[in-house]
Amino acid sequence: MPEFLESEQRKNMDSIPFLTINNQTISLSQAIGYLKASGKFGLFLSEILRQYILTHELDELESIDIALEELEQTILNFRLNNQLLDQNKFQDWLVKNGISYVNFRQRITNDLKLDKLKAKISEPKIEEYFKTQKQFFDRVVLSRIILNDKALAQKLNEELLADPRKFETLAREYSITDDRVVNGMMGPVSRGTLPDILKNPIEFSPVGEIIGPLEIDENYGLFRVEQFLDASLDDPKLKQELQNQLFEQWLQEKLQSLEIKLEVK
């Protein structure tokens, strides 16, 4: 591009107003410069591209329609969950968030359409994806006794082999973790996030079995299996999480396929 044309283009960008602060106009070029200086221009651009893709996809999919009853129920649920049933409180909330009721309804409509788009995109893949990720969603309820003395860990293990019913008492008396006050009960833990030294024995341990002592993070642990909680696609929260993951994968593929040319320097 000839130098005078490039200079003219830059001058035009500098003249495009973006916002006004204390009666001083900030141009689009200045705004982009501020974002670049703060290191946040990439996030800003990513969000624009994301919204571009979503808007385009939702416009293309005319089959995604929202029934009036579904929209009204979703709005009611939102107001209930946010304690905004009172009309005055709801109006104050709209004003505080700088949004009109018409725009609020449109936002809820878009959210519902987005949920349907996620379901449409993930439906062909979700069962197979669930199988590959199941270990991270299967959970196990464990109790533990964590010690910083190997010899003591071995001694307590011998006591438990003789009388497994002493686990709670020994946990309260000897464990160095805060959960000793609840008999060492850890609660549900994702089996996929367990350290390998614990994951493998649990794979073949029945409920009630004592595992250990195992060296973990420079301490020594005795564990008891309390319950196995198998993940299922019948769980609405889990299904939604898997849909979100598949949707994000799809969105990243779309982003990578875009041809982008930045017009503002």
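The axes of α4 and α6 come within 10 Å and cross at roughly 110°. Axes here are lines fitted to C-alpha atoms, for helices over the stretch in contact, with angles running from 0 to 180 degrees between N-to-C directions. Helices (H or I, at least four residues) and strands (E, at least two) are DSSP runs, numbered from the N terminus.

Before going on, a note on the source. This is a predicted model, in which local features need pLDDT of at least 70 and side-chain atom pairs count only at pLDDT 80 or more, while totals for chains, interfaces and linings use all residues. Residues are numbered from 1 along each chain as its sequence is written, and side-chain values use heavy atoms, with hydrogens and water left out.

Which residues of α4 and α6 make the contact? From α4 they are Leu68, Glu70, Leu71, Glu72, Thr74, Ile75 and Phe78, and from α6 they are Tyr101, Phe104, Arg105, Ile108, Thr109, Leu112 and Lys116. Contact means heavy atoms within 4.5 Å. By type, these residues divide into eight nonpolar, two polar and four charged. Ala, Val, Leu, Ile, Met, Phe, Trp, Tyr, Cys and Pro count as nonpolar, Asp, Glu, Lys and Arg as charged, and the others, Gly among them, as polar.

Take threonine 109, which is found in helix α6. Is threonine 109 buried or exposed? Its relative accessible area is 14%, so threonine 109 is buried. Buried means under 20% relative accessible area, exposed over 50%, and partly exposed in between (1.4 Å probe, protein chains only). Leaving aside neighbours within four places in sequence, threonine 109 is in contact with Ile66 and Leu71.

Now the rings. A search of the whole structure finds nine aromatic pairs. One of them, phenylalanine 78 with tryptophan 93, is edge-to-face, at 5.3 Å centre to centre and 65° between the planes. Rings of Phe, Tyr and Trp (its six-membered ring) pair if their centres lie within 6.5 Å; planes under 30 degrees apart count as stacked, over 60 as edge-to-face and the rest as tilted. Phenylalanine 78 sits in helix α4 (residues 68–81) and tryptophan 93 in helix α5 (residues 87–96), so this pair ties together parts that are 15 residues apart in sequence.

Phenylalanine 78 is partly exposed, at 22% relative accessibility, and tryptophan 93 is partly exposed with a relative accessible area of 22%. Tryptophan 93 also pairs with phenylalanine 104: the centres are 5.8 Å apart and the planes lie at 80°, so this pair is edge-to-face. Phenylalanine 104 belongs to helix α6 (residues 101–122), so its pair with tryptophan 93 in helix α5 ties together parts that are 11 residues apart in sequence. Phenylalanine 104 itself is buried, at 2% relative accessibility. Phe78, Phe90, Trp93, Tyr101 and Phe104 form one aromatic cluster.

Last, leucine 84, in the loop between α4 and α5. Leucine 84 is buried, with a relative accessible area of 7%. Apart from neighbours within four places in sequence, leucine 84 is in contact with Phe78, Arg79, Lys89, Phe90 and Trp93. How far apart are the C-alpha atoms of leucine 84 and threonine 109? They are separated by 19 Å, and the two residues are 25 residues apart along the chain.
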